[in-house]
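These are my notebook entries on a structure that I had not examined before. I record what I looked up, entry by entry.

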Amino acid sequence: MVAVRIPPTLRAEVGGARELAASGSTVADVLEDITERYPALGAQLLEDGELATYVNVYVGGEDIRTRDGVDTPVRDGEQLILLPAMAGGAPTAAGSFGA
């Protein structure tokens, strides 16, 4: 089994769980497992059946984009971390966004 860490922003979709146990030999398999069990989570992670571009996934602390994407292999006991990108902020006094 693979441990999937769920960030606070997605915990409502999985009944408040911080971590899910999932099966699969690739990131795609693991995502399929958890999104089939938690369709509301799938709505937050997937666009047209593919991993949304704003969702970051890490295996063993490494971004899957630097590896094989959703085809990145996962091993039993490994941890997969889901991190949707955060957006937003407040406009500056001049009305634009920035530091």
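Entry 1: a charged residue under cover. I began with D63, which is buried, with a relative accessible area of 17%. I take buried as under 20% relative accessible area, exposed as over 50% and partly exposed as in between, with a 1.4 Å probe and protein chains only. The side chain of D63 meets that of R65 in a salt bridge, at 3.8 Å from N to O. For a salt bridge I require a side-chain nitrogen of Lys or Arg within 4 Å of a carboxyl oxygen of Asp or Glu. R65 is partly exposed, at a relative accessible area of 48%.

Entry 2: the basis of these notes. The model is predicted: local features need pLDDT of at least 70 and side-chain atom pairs count only at pLDDT 80 or more, while totals for chains, interfaces and linings use all residues. Residues are numbered from 1 along each chain as its sequence is written, and side-chain values use heavy atoms, with hydrogens and water left out.

Entry 3: the chain as a whole. I counted 2 helices and 7 strands in the protein chain. Helices (H or I, at least four residues) and strands (E, at least two) are DSSP runs, numbered from the N terminus. Read from the N terminus, the order of elements is β-β-α-α-β-β-β-β-β. The protein chain has 99 residues, of which 33% count as buried.

Entry 4: How many salt bridges does a search of the whole structure find? The search finds 4. One of them joins the side chains of E19 and R5, at 3.5 Å from N to O. This pair links distant parts of the chain, since E19 lies in strand β2 and R5 in strand β1, 14 residues apart. E19 is partly exposed at 39% relative accessibility, and R5 is partly exposed at 29%. I also found R75 in a salt bridge with E78, where the closest N and O atoms are 3.6 Å apart. Here R75 is exposed, at 58% relative accessibility, whereas E78 is buried, at 12%.

Entry 5: strand pairing. I count two strands as paired if DSSP finds at least two bridges between them. β1 and β2 run antiparallel and are joined by 4 bridges; V2 has A22 of β2 as its bridge partner. β1 and β7 run parallel, with 3 bridges between them. Which residue of β7 is the bridge partner of V4? The partner is L80. L80 of β7 is also the bridge partner of V59. β5 and β7 pair in the antiparallel sense over 5 bridges. β5 is mostly covered, as 4 of its 5 residues are buried. β5 also runs antiparallel to β6 (residues 62–63), with 2 bridges, and the bridge partner of Y58 in β6 is D63, the buried residue of my opening entry. The hairpin of β5 and β6 has 2 residues between the strands, and in this hairpin G60 takes a positive phi near 60 degrees.

Entry 6: the nonpolar core. I looked for sets of buried Ala, Val, Leu, Ile, Met, Phe, Trp, Tyr and Cys residues joined through side-chain atoms within 4.5 Å, which is what I call a nonpolar core. The largest has 21 residues, and V4, V27, I34, L80 and L82 have the most contacts inside it. At least two residues each come from β1 (2–5), β2 (19–22), α1 (27–37), α2 (39–45), β5 (55–59) and β7 (79–84). The largest share, 4 residues, comes from α1.

Entry 7: V27 and T26. For contact I require heavy atoms within 4.5 Å. Neighbours within four places in sequence aside, V27 is in contact with V57, V59, I64, G69, V70, T72, V74 and L80. T26 sits in the loop between β2 and α1 and is buried, at 18% relative accessible area. Not counting residues up to four places away in sequence, T26 touches V70, D71, T72, P73 and V74.
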